[in-house]
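Here are a few notes to read alongside the model.

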Amino acid sequence: MLDSNDLKVRKWFNRLMLGLCATGAGLAILFVCLMLGYIVVHGLSFLNLDFITHTAVPLGQTGGGMRNEIIGTIILVGLGSLIAVPLGMMTGIFLSEFGNPMAASAVRFAADILAGVPSIVVGVFAYAIIVRPMHSYSAFSAGVALAIIMIPVVARTTEESMRLVPNSLREAALALGITRWRSVVSVVIPGAITGIATGIMLGVARIAGETAPLIFTAFGNFFGYDGLGKPIGALPLQIYRYAISPYKDWQQQAWSAAFLLAILVLIISLVVRWLSRKRQT
Amino acid sequence: MSSPHILPYRNPKGRTMIRSRTRGSLRLGDIAFSRLTLIGSLIVIAILVNILVILFIQAWPSIQQFGVSFFGSAAWDPVKEQFGALPAIFGTLLSSLLALLLAVPISIGAAIFLTEVAPVWLRNVASFVIEMLAAIPSIIVGLWGLFVLVPFVRSPIEKWLGTAFGALPFFQGNQLGFGFLAAGIILALMIIPIITAMSRDVLRAVPQAQREAMLALGATRWETIRKAVLPYGRSGLVGAVILGLGRALGETMAVAMVIGNAYRITPSLFSTGSTVASKMANEFGESSGLQLSSLIELALILFLITLLINVIARLLVWRMAAVKVVRD
């Protein structure tokens with residue numbers, strides 16, 4: 001049989017295994033292309049300006065768009081960011097500037113674990129603490145759920161980018177006689193602002209596409225926005241509703257909405273990449 | 001968090017009256033600011049603890065009613081108010097294991113390719129494209145799964161498996177397209193970028209000397225990877241796979257759209273089923289009373305499982321990072 005010490009056999013085996021590894025990478029890239037290709041082709045075929053500027057029409061009528069859902073997503077992402085950015089930044093500042101090693105690693109661990117909690121569980125939590133006592137689905141509860149998902153992202157990127165600010169800058173600031181908190185606010189944070197912005201945008205990209213926590217918090221609302229205490233529509237939620245509906249027209253609209261959402265998320269991640277590359281050089 | 005730690009730079013000597021007064025007030029600012037950031041951090045911990053406590057409290061009626069038998073029962077009958085978690089847990093484990101089976105070889109292979117084999121220009125481009133897959137929201141993956149993957153799974157995949165291996169219990173039954181197989185494939189697609197990116201970082205952290213020593217002994221590239229690179233990064237790679245598993249267990253929308261939402265236990269991969277997460281997504285909106293409480297208990301179970309998985313993965317990845325620091 002084959003001698004495994006024979007150089008020829010070893011070389012062939014080498015080629016085979018490296019070839020398999022390349023195949024793995026090739027497959028992964030193929031999947032991305034397949035998915036994006038379908039979204040672009042199916043999405044573009046229905047997309048027009050009316051789709052963005054008009055509201056949904058009753059079933060049976062053609063046309064109609066996602067205006068309410070687009071506005072809803074913007075409101076929800078804004079609300080989530082409004083809660084998550086200050087909290088996440090405070091946590092990040094604590095981790096990088098103030099925490100003693102013990103406390104900091106406990107908080108860091110908690111943030112990492114929170115980042116790993118399935119988004120549907122966060123949705124159930126928001127339902128349990130807000131929707132149930134208030135007896136109503138609400139934009140506010142959805143915003144809170146999205147904020148909980150976003151906080152760890154902002155916290156960890158804030159921490160990491162503040163750590164990249166050289167200590168000499170902090171020392172220079174302190175040597176001028178200003179206090180610790182002033183040095184953080186006017187020296188360290190400006191130095192780390194690109195990184196922090198990157199983290200915030202990563203968080204926005206993440207929550208803009210979240211669906212699971214919205215099903216029983218935002219719920220969806222065909223009539224547009226009517227207050228934070230009322231149900232609200234959202235783009236991902238509408239994609240879900242339309243995709244599982246039996247109507248061709250709705251399924252088509254789901255593809256177009258998916259195209260919009262994918263473009264939004266991909267643009268954000270491209271900008272994030274560009275920002276973080278600029279920071280490295 | 002006592003003030004000496006906050007203010008290591010203060011000068012104990014220069015104490016004139018005026019200075020100490022100004023300083024005193026400024027120190028107050030420092031303390032206030034650090035306390036403020038501490039509050040932010042405590043809120044993060046409080047959220048985590050609260051998720052556990054609130055879910056437990058709201059699941060209590062179901063825990064009280066069914067006790068341990070909740071885990072062993074396959075019933076889900078809102079009319080008779082009988083609920084059990086077994087089919088959901090089974091579906092979650094089955095689809096996640098299937099996903100790992102498909103994703104791990106592809107991801108580790110891709111990571112090896114990206115760190116050891118590919119030319120430098122290709123590394124960046126390929127990493128970027130694969131990471132784009134991670135950025136696509138799960139609802140869009142689900143939409144793609146529903147309209148593209150499911151028909152493809154129905155025919156040719158299930159058709160072929162049914163003909164070739166129909167004797168095995170895993171490949172029997174109706175070939176619907178929807179089911180555990182489709183769920184496993186879609187989950188695999190979603191965790192490939194995660195496992196690939198993390199394994200790539202782990203392999204990158206393996207010191208170059210490790211490779212050079214092996215090559216100097218006359219090993220081929222693959223033997224170098226197999227015997228010098230992979231063993232060095234083992235715990236980090238395991239950590240990456242476990243993080244991928246954590247993600248697969250909690251994934252909701254994409255799975256809910258392709259798994260078919262039956263509630264049963266069967267060895268057949270062609271069969272429709274449910275996962276813990278998809279069960280919640282489908283029923284939470286229109287349930288109340290004991291059913292709602294049972295669904296919240298499902299959420300609690302999912303939370304505890306992913307908590308455990310994440311803790312293990314973090315510890316493994318951290319250990320790897322610690323080893324790296326020591327040996328560099």
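1. Start with helix 5 (residues 119-134) and helix 6 (residues 139-163) of chain A, which pack at an angle of about 140° with their axes 9 Å apart. Axes here are lines fitted to C-alpha atoms, for helices over the stretch in contact, and angles run from 0 to 180 degrees between N-to-C directions. That angle makes helix 5 of chain A oblique to helix 6 of chain A; under 35 degrees counts as roughly parallel, over 145 as roughly antiparallel, 65 to 115 as roughly perpendicular, and the rest as oblique. Helices (H or I, at least four residues) and strands (E, at least two) are DSSP runs, numbered from the N terminus.

2. A word on the ground rules. This is a predicted model, where local features need pLDDT of at least 70 and side-chain atom pairs count only at pLDDT 80 or more, while totals for chains, interfaces and linings use all residues. Residues are numbered from 1 along each chain as its sequence is written, and chains are lettered from A and ligands numbered from 1 in the order in which they are written.

3. Back to that pair: helix 5 of chain A passes helix 6 of chain A in a right-handed crossing (left-handed if the near helix is turned anticlockwise from the far one by less than a right angle, right-handed if clockwise). Among the residues that meet are A:V122, A:A126 and A:I130 from helix 5, with A:V144 and A:I148 from helix 6. Contact means that the C-beta atoms, placed from the backbone, lie within 7 Å. By class, this contact has 10 nonpolar, 3 polar and no charged residues. Ala, Val, Leu, Ile, Met, Phe, Trp, Tyr, Cys and Pro count as nonpolar, Asp, Glu, Lys and Arg as charged, and the others, Gly among them, as polar.

4. What is the secondary structure of chain A? It comes to 10 helices and 0 strands. The radius of gyration of chain A is 24 Å, well over the 19 Å that the globule rule gives for 281 residues, so chain A is more spread out than a compact globule. (That radius is taken over C-alpha atoms, and the rule is 2.2 Å times the number of residues to the power 0.38.) The C-alpha trace of chain A spans about 75 × 70 × 35 Å along its principal axes.

5. Chain B has 13 helices and 2 strands. For chain A, the buried share is 50% of 281 residues.

6. Within chain B, have a look at helix 4 (residues 86-117) and helix 7 (residues 180-204), packed at about 40° with axes 6 Å apart. Their contact divides into 21 nonpolar, 8 polar and 2 charged residues.

7. How do the chains meet? 74 residues of chain B are in contact with 70 residues of chain A. Helix 2 (residues 17-66) of chain B gives the most to chain B's side, with 20 residues. That side divides into 54 nonpolar, 17 polar and 3 charged residues.

8. B:M253 is buried, with 31 other C-beta atoms within 10 Å. Not counting residues up to four places away in sequence, B:M253 touches residues of both chains, including A:T211, A:Y240, B:I139 and B:A281.

Definitions and conventions
Two residues are in contact if their C-beta atoms, placed from the backbone, lie within 7 Å. A residue is buried if 20 or more other C-beta atoms lie within 10 Å of its own, exposed if 12 or fewer, and partly exposed in between; C-beta atoms are placed from the backbone.
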